[in-house]
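Okay, I think everyone's here, so let's get going.

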Amino acid sequence: MVTLADVAQHAGVSASTVSYVLSGKRSISASTRERVERSIAELGYHPNAGARALASSRSNIIALMMPLRSDMYVPVMMEIALAVATTARKHGYDVLLLTGEEGQAAVRRIEGSALADAMILMDVELDDDRLPMLRLTERPAVLIGLPADTTGLSCVDLDFAAAGARCAEHLAAQGHREIAVIGEAAAVYERHTGFAVRTLSGLRERSAELGLRLLHRPCDGSYAAVAATLARIYDERPATTAFVVQNEAATDPLLALLRQQGRAVPEDVSVMAICPDQVAAHASVPLTAVAVPAQEMGRHAVEQVVAKFRGQGADEVVLLEPELTVRESTGPRGPGH
């Protein structure tokens with residue numbers, strides 16, 4: 001294994017000079033820096049992460065807290081996580097993924113150890129129990145999600161309330177008046193998960209302003225659950241002519257069930273979704289949708305953390321503007337409705 005001393009000898013400099021080049025703690029002449037970097041490359045030297053952390057009190061690791069729950073759509077969460085990891089790597093950081101439902105304990109573990117220099121938190125609830133401790137930590141932290149109280153916090157999220165409002169506006173413009181929302185699993189709303197509650201709030205407020213009748217039903221996304229939910233909706237609101245789906249797993253079962261019932265999309269019923277573009281574009285009927293910008297959310301979170309490391313980042317809330325793409329699944333309300 002190549003050591004720092006080997007690099008120093010190869011470059012003809014002291015070991016401390018090599019250390020300063022690696023840490024950036026002191027100014028080194030351009031010619032000396034180039035000579036050391038050339039020796040590092042030729043010898044294939046990789047600094048020992050543990051030693052570097054001890055020397056600098058930094059681990060160059062960002063902890064990503066991403067509880068993996070059975071009622072969440074994991075592919076979207078993993079897309080965000082991948083964006084966090086790739087962006088972090090570009091800035092010289094690695095990512096420690098914490099997938100357990102530890103809540104405060106996870107924040108306490110990171111704060112009380114040298115495991116990571118910063119934290120990014122996902123699956124944020126309106127009254128998230130991690131937040132009181134997070135406000136006390138000295139480590140930079142960013143939420144991918146929006147709690148009820150953002151005081152003293154940095155957050156990035158899609159403006160889900162505006163996304164819900166855009167759905168209501170689009171369907172109202174097509175003449176629809178009876179709209180059903182197939183939402184996330186009931187547990188997501190029971191936890192007051194921010195994105196789901198905010199979407200529903202935006203939908204309800206804008207629907208009321210536009211004179212739409214809105215019915216919301218949670219659904220776990222399985223074929224059987226979607227079938228039962230659809231039957232219940234038509235029992236309660238037989239005049240329903242449009243659906244808004246905020247549950248990626250439910251989109252394909254819903255389209256299949258409507259087809260089996262002889263309800264053509266969009267001639268008889270319109271369907272739109274709040275989901276990642278690839279889910280919408282590859283559905284059996286390409287879905288009109290407000291995109292969930294998973295990659296952009298992950299990238300923004302890391303850039304906020306890095307800015308905090310550099311002393312350039314104040315606490316801020318970044319809400320990404322929703323983008324609606326009209327595809328083949330929505331159209332005017334049929335003349336028979």
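This is a predicted model: local features need pLDDT of at least 70, side-chain atom pairs count only at pLDDT 80 or more; totals for chains, interfaces and linings use all residues.

The chain has 337 residues, and 51% of them count as buried. In terms of secondary structure, we've got 14 helices and twelve strands.

Now the helix pair. For two packed helices, what you quote is the angle between the axes and the distance between them. Here I'm looking at α1, residues 4-11, and α3, residues 30-43, whose axes come within 9 Å and cross at roughly 120°. So how do we class that, given that roughly perpendicular covers 65 to 115 degrees and roughly antiparallel starts over 145? At roughly 120°, the pair falls between those two classes, and α1 and α3 are therefore oblique to each other. As for handedness, α1 passes α3 in a right-handed crossing. Who makes the contact? On the α1 side it's Asp6, Val7, His10 and Ala11, and on the α3 side it's Arg35, Val36, Ser39, Ile40, Glu42 and Leu43.

Next, Arg217. You'll find this one in strand β7, which runs over residues 213-217. Is Arg217 buried or exposed? Its relative accessible area is 17%, and the cut-off for buried is under 20%, so Arg217 counts as buried. What does its side chain pair up with? That would be the side chain of Glu236, through a polar contact of 2.6 Å. Leaving out residues up to four places away in sequence, Arg217 also touches a set of others, including Val181, Ile182 and Gly183, as well as Thr229, Arg232 and Ile233.

Last stop, the cysteines. How many disulfides are there? The count comes to zero. Take Cys219: the nearest cysteine sulfur belongs to Cys275 and is 15 Å away, while a disulfide needs the two sulfurs within 2.5 Å, so Cys219 is in none. Cys219 is buried too, with a relative accessible area of 4%. Cys155 is another buried one, at 0% relative accessibility.

That's my tour, so over to you for questions.

Technical notes
Residues are numbered from 1 along each chain as its sequence is written. Side-chain values use heavy atoms; hydrogens and water are left out. Buried means under 20% relative accessible area, exposed over 50%, partly exposed in between (1.4 Å probe, protein chains only). Helices (H or I, at least four residues) and strands (E, at least two) are DSSP runs, numbered from the N terminus. A polar contact is a pair of N or O atoms within 3.5 Å; within protein, one must be able to donate a hydrogen and the other to accept it, and residues adjacent in sequence count only if both atoms are side-chain atoms. Contact means heavy atoms within 4.5 Å. Axes are lines fitted to C-alpha atoms, for helices over the stretch in contact, and angles run from 0 to 180 degrees between N-to-C directions. Angles under 35 degrees count as roughly parallel, over 145 as roughly antiparallel, 65 to 115 as roughly perpendicular and the rest as oblique. A crossing is left-handed if the near helix is turned anticlockwise from the far one by less than a right angle, and right-handed if clockwise.
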